[in-house]
Amino acid sequence: MKVKVISRSTDEFTRERSQDLQRVFRNYDPNLRSQEKAVEYVRALNAAKLDKIFARPFVGAMDGHIDAVSCMAKNPNHLKGIFSGSMDGDVRLWDLATRRTVCQFPGHQGAVKGLTVSTDGRVLVSCGTDSTVRLWNVPIPSLMESDDSSSNEAKPLAVYVWKNAFWAVDHQWNGDLFATAGAQVDIWNHNRAQPVNTFEWSKDTTISIRFNPGEPNILATSASDRSITIYDLRLQSPARKIIMRTRTNSIAWNPMEPMNFTAANEDCNCYSYDARKLDEAKCVHKDHVSAVMDIDYSPTGREFVTGSYDRTVRIFQYNGGHSREIYHTKRMQRVFCVKFSSDASYVISGSDDTNLRLWKAKASEQLGVLLPRERKNHEYLEAVKNRYKHLPEVKRIVRHRHLPRPIYKAASLRRIITDAERKKDERRRAHSAPGSMPKDSLRKRRIIKEIE
Amino acid sequence: MNNPMFSVQQHENAEEEEIKVNKFLRGEVADLKVVKDKKLKGQLEVREQLYRKSAKAAVKADKWLMPSEGGFLEPEGIEKTWRIRQEAIHTEIDILSKRNQYDIVFPGLGPYTLDYSINGRYFVAAGQKGHLALVDMKKMDIIKEFQVRETVHDVVFLHNQKFFAAAQEKYVYMYNDNGTEVHCLKEHGAASRLQFLHKHFLLTSINIFGQLHFQDITTGKMISNIRTGLGRSDVMEVNRFNNVVAVGHSKAGVSMWKPTSAVPIYTRQCHMGYPVTAIAFHSNGHLMATAGIEREIELWDLRKHEVLQTLPCHANSLDFSQKGMLSAASGSSVQVFEDFSGVYMNHPMAKGYQIKKVLFRPYEDVLAIGHSMGWSSILVTGSGEPNFDSWVANPFETRKQRNEKEVHALLDKLPPETIMLEPTNIGSVKPTRNSGSLSKQERDAEMEAAVEGAKNIAFKKKTKGRSKPSKMAKKKQEAIVRTKKPLLEQQIKEEKDLLSKNKRKRIGEDIRLPKSLQQFAGKPTT
């Protein structure tokens, strides 16, 4: 007869020397493991709790300005620096790692309303209410490191004076034109003292302006007549325009899906549109309780950050109706501008209290270099938490955020108001002839009309 | 490529692979046609593809990366496996395996019960006269043996070999691996059987009054104390698939219990009313074997709740191995069944050795027998799982690995509410119910669940005499009534609706009223 019995030799299953790693053997048979789902659920619960324990999003504040911060600009070639302009004409370059001013750009007489950096990161363009556009040389990074104690002052490269006060400025992503917004939309070249081209559609001022990351000739603007206009530089007249019920304060294009943009509106919502089909919003992002002042997309294109008049900064998913995260501090007053850092890990907010604040994009993220095991563990915990985040206990922990009392009260009041309106609408519909009251979705409701 | 034989072979290989992949897929592929939301459907499709990929990778690892192969016994010629004796096997195997066949004799110290630690390396034996011995099976070395000078009914390892619990004459005691008595668990009383639930760290006991105790040994808290009400019982086993405790009774068959409910979650009459002498569960959770006094073993399918097969075999003790072999012991002989069509192996011992317990050793082809003269160990080829997973149970564990494992097990400790008959229900979505289609049973279950939830509400303790026991009891009662009220109201409403629907049908009204006027529709016409 043939007999074989399981016999394991110890040498095969234990390590040879004490310097070696211990040997690990795997058998993926499900029969060896019981109650896998319950174990995963317990791990998801613990992961949610740990997330909350490690959630410390505030990194630091950068103070130096003596008036409210009105605009910020990212340098596409240098990760660590950010430019900010304030209401008294002070433009500064900050080093995010040390949170100190590297260089100051004095010169503007009134508020600085727009800042932007050229494609190669060498030239900073600033515009303000003193009807000037100033071009500055951005100091080279190697010099920045050595001179971080003294704040340098730079001389402008050029100063162009024009007819009206400017409200915003933006540079092409891949070109050498920049556009300013004011009484009309002007297209400038670096070397020319006068705009190369001017667009004027309505008599109202244009408040914000953004170039498309994918198409260098397309830009979107918002005006104080509650419209959003899309211009094409190659055409003589604007391409498309929609008029909404309330004014849009800022627009941001999705860098990964350049046909989509999101508009930050005065009615506390953000509306995401597909630029090719403007009759209906793709998504309405609701969570703020006061006007949304500024919006910026993450370089991954998957989330965006908004700063609002209600003293909070919120981070939304690109397709989510509600915010994933909210940041607030007692000392942070009205937030006027926000930026997502170019490595998608930080969010910078500039607010009324003259400070710029640096926050983590993921509140419980461990910064610095992670060991491969740490990284794998974080990924596993994230995955298991996402798998069970719809269950009540886990959901309660994951969703929980502390809100300041005025915002909590304002949010519940808004909820009561919208519920009451909805109920009244339903009752009106129930008591009228079927079909006489058409239902319109929120995505369409806020748009008054579209003009070609 | 046009060869039909080749394509048939390919087809067969594909089928085999399908079966193997299904082994690693936990459950069936979800039906995505009912999902209307396109975005969700896309996300779920991606998920399903990922699961399939990981199952395929597991199949490959299973095929190529396993270090050991299982044992087997192939008879040659006219030999039959049940005729092969241990002595015959002894001559054919290697030295290390020969060490696993032995008899240890302690005459006069009573029938022995035994337990193996979860990795099969450590072994504790308890003689009824009070002899406790802790043995390291790899080194074949007694770690500690001592006398407690009391009758010991049962012994069980706790989470690792460092602690074990012994059910002694009056109380249950917990011992260290040094032989030190660590705890005396008085609440359990005079227990007759002990079991340990590894994932929940719960020590379970059934005592001579038929009371089940569940104690969490990490905090020491008694989770629940259930009066089975079905009399004294000596048979208690745990289904390792869902961690449900099954108790065998002398008149009431088999009942299954979980710590969070005072009523059994499943009862079943078996063996035609005769007392149940032993129960054993297969590791996949479907199959249960019960043995009765009328010398039959019944194999139950726990999904369909019916008897699959009856084996004519007398059994005082049953155990399933990791590979699905069933060992049945009675008197002084052991029979091992592999596929239930006939006996696989047979081991008769001398008449004086009356067997109390059989237990398969995890990850080895060894069967331990505890009998009236001590304990023995025999080889049953093909019964153990040849490949262990270091993260589940490691027979070659070092001290550091053991400590790390303990910490991780404590972090992943499951709450007692996760014990249920269908463990895959956790995380699943309750199907939306149409109010008319609730049967009485479901309604009762819902009410009971709501009442249990209400009972668990913790009330704030108030100071200055405002939290008197009478007031707290009254508050609790009110909470229970409050949770019951909407369910009862809904029941009454449904009954009323049913009545009015019947009435309307009789009247013959089939005009669809607009929504705003429907509140007037139910009024009876005078």
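Tutor: Of the 452 residues in chain A, 48% count as buried. Buried means under 20% relative accessible area, exposed means over 50%, and partly exposed lies in between, using a 1.4 Å probe and protein chains only. This is a predicted model, where local features need pLDDT of at least 70, side-chain atom pairs count only at pLDDT 80 or more, and totals for chains, interfaces and linings use all residues. Residues are numbered from 1 along each chain as its sequence is written, chains are lettered from A and ligands numbered from 1 in the order in which they are written, and side-chain values use heavy atoms, with hydrogens and water left out.

Chain A has 7 helices and 31 strands. These are DSSP runs numbered from the N terminus: helices are H or I with at least four residues, strands are E with at least two. The C-alpha atoms fill a box of roughly 100 × 75 × 45 Å along the principal axes. Take the contacts in chain A with a separation of 6 or more: residues 24 or more positions apart account for 51% of them. Contact means heavy atoms within 4.5 Å.

Now the close look, at one sheet. In chain A, 4 strands form an open sheet in the order 2-30-29-28, with antiparallel pairing. Two strands pair if DSSP finds at least two bridges between them. Strand 2 (58-63) and strand 28 (335-340) of chain A stand at the edges. Each has a single partner strand, so one side of each has no neighbour in the sheet. From one strand to the next, the twist averages 20°. Axes here are lines fitted to C-alpha atoms, for helices over the stretch in contact, and angles run from 0 to 180 degrees between N-to-C directions. What holds such strands together? Strands of a sheet pair through backbone hydrogen bonds, either parallel or antiparallel.

Look at one pair. Strand 28 of chain A runs antiparallel to strand 29 (residues 346-351) of chain A, and 5 bridges link them. Phe340(A) stands opposite Val347(A) in strand 29 of chain A.

Compare a loop residue. His190(A) lies between strand 14 (185-189) and strand 15 (197-199) of chain A. Its relative accessibility is 15%, so His190(A) counts as buried. Leaving out residues up to four places away in sequence, His190(A) touches several residues, including Ser118(A), Leu135(A), Tyr160(A) and His171(A).
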